[in-house]
Amino acid sequence: MTIPLPRIEQAIADYSAAWDGERHLLPLLRGLALDGDPTSRGTLAGHLTGSVVLFDAGWRNVLQIHHRVHQRYLFPGGHIDAEDQSLEAAALRELHEEVGVPPRSVRLLPGRFRILHVDVHDIAARPERHEPAHFHYDLRFAAVAAGPLEIRPQEDEVSDPRWVPVAELPGVLGERAREAAARHGEPG
């Protein structure tokens, strides 16, 4: 594990403190460490992943991609690799790999909006890779584009990049995205 466990626990604790309704996730995510490295694909009950909820420079839309393996729209992101120095760095690396947006072209949001949401989703078994069904605990970092972006999808993994209006995002993530846009975005 390259990212020290105390740093992972602190990020989860900060998230839980920032969003009162998420306190139930703290023991669950801490429990991942009991099964091994919570960032490793080898921790098969479930493991942490990182993605980026990327706002356009006008704070009106967020980027989603269609993931070829999972056959659904997701935010750009993926697994944490051994060389990643932080959870944020992993999410930004995945953003660059999947859609060609370099980390220098975006700015992570500060404070309570840094991790905007934790999405727990099930991953189907992949017998061809000897992977049983498991869970991804996806840490969704919020970032804004520093200006216009050229989106170049990694064709073998993702397709159909699309900008979704923030106003149309459902659920808790949608509420938080609208709050982030209202707080950080330019008026008008």
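This is a predicted model: local features need pLDDT of at least 70, side-chain atom pairs count only at pLDDT 80 or more; totals for chains, interfaces and linings use all residues.

Me: Where does W59 sit, and what makes its phi stand out?
Reply: W59 is found in the loop between β1 and β2. Its phi is near 65°, a positive value in a residue other than glycine.

Me: What makes V120 partly exposed rather than buried?
Reply: V120 has a relative accessible area of 37%, so it falls between the 20% and 50% limits and is partly exposed. V120 is in strand β6. Not counting residues up to four places away in sequence, V120 touches L25, F135, H136 and Y137. The C-alpha atoms of V120 and D138 are separated by 6.2 Å, with the two residues 18 apart along the chain.

Me: How do you know that the protein agrees with a compact globule?
Reply: For 188 residues, a compact globule would have a radius of gyration near 16 Å, and the protein has 16 Å, so the two agree. Along the principal axes, the C-alpha trace spans about 50 × 40 × 30 Å. Of the 188 residues, 50% count as buried. Among contacts with a separation of 6 or more, 69% are between residues 24 or more positions apart.

Me: Which secondary structure elements make up the protein, and in what order do they run?
Reply: There are four helices and eight strands. From the N terminus on, the order is α-α-β-β-β-β-α-β-β-β-β-α.

Me: What makes a set of residues a nonpolar core, and which members touch the most others in the largest one?
Reply: The members must be buried residues of the nonpolar kinds listed for a core, joined through side-chain atoms within 4.5 Å. The largest core holds 49 residues, and L48, F55, V62, L87, L95, L109 and L116 touch the most other members. Beyond its neighbours within four places in sequence, L95 is in contact with V52, L54, P76, G100, V101 and V106. As background, nonpolar side chains tend to be buried together in soluble globular proteins.

Me: What makes one space a cavity and another a pocket?
Reply: In a cavity a 1.4 Å probe fits but cannot get out, whereas a pocket is an open set of points. A search of the whole structure finds one cavity of 30 Å³ or more. The largest cavity has a volume of about 50 Å³, and its lining is formed by I8, E9, I12, L29, R30, L32 and L48. Helices α1 and α2 (25-32) are the elements that give two or more residues to that lining. By class, the lining of the largest cavity has five nonpolar, no polar and two charged residues.

Me: What lines the largest pocket?
Reply: The largest pocket, with a volume of about 500 Å³, is lined by 28 residues, of which H67, H70, G78, H79 and E157 lie nearest its centre. β7 gives the most to this lining, with four residues. By class, the lining divides into five nonpolar, 11 polar and 12 charged residues.

Me: Which element gives the most to the lining of the second largest pocket?
Reply: That is α1, with five residues. The second largest pocket holds about 210 Å³ of space. Among its 14 lining residues, A11, D14, E88, R114 and I115 are the closest to its centre.

Notes: Residues are numbered from 1 along each chain as its sequence is written. Side-chain values use heavy atoms; hydrogens and water are left out. On a 1 Å grid over the protein atoms alone, a cavity is a set of points where a 1.4 Å probe fits but cannot get out, and a pocket is an open set with protein on both sides within 12 Å along at least five of seven lines; lining residues have an atom within 4 Å of a point. Grid points are joined across faces, edges and corners, and a volume is the space filled by probe spheres set on the points. Ala, Val, Leu, Ile, Met, Phe, Trp, Tyr, Cys and Pro count as nonpolar, Asp, Glu, Lys and Arg as charged, and the others, Gly among them, as polar. Buried means under 20% relative accessible area, exposed over 50%, partly exposed in between (1.4 Å probe, protein chains only). Contact means heavy atoms within 4.5 Å. The radius of gyration is taken over C-alpha atoms; the globule rule is 2.2 Å times the number of residues to the power 0.38.
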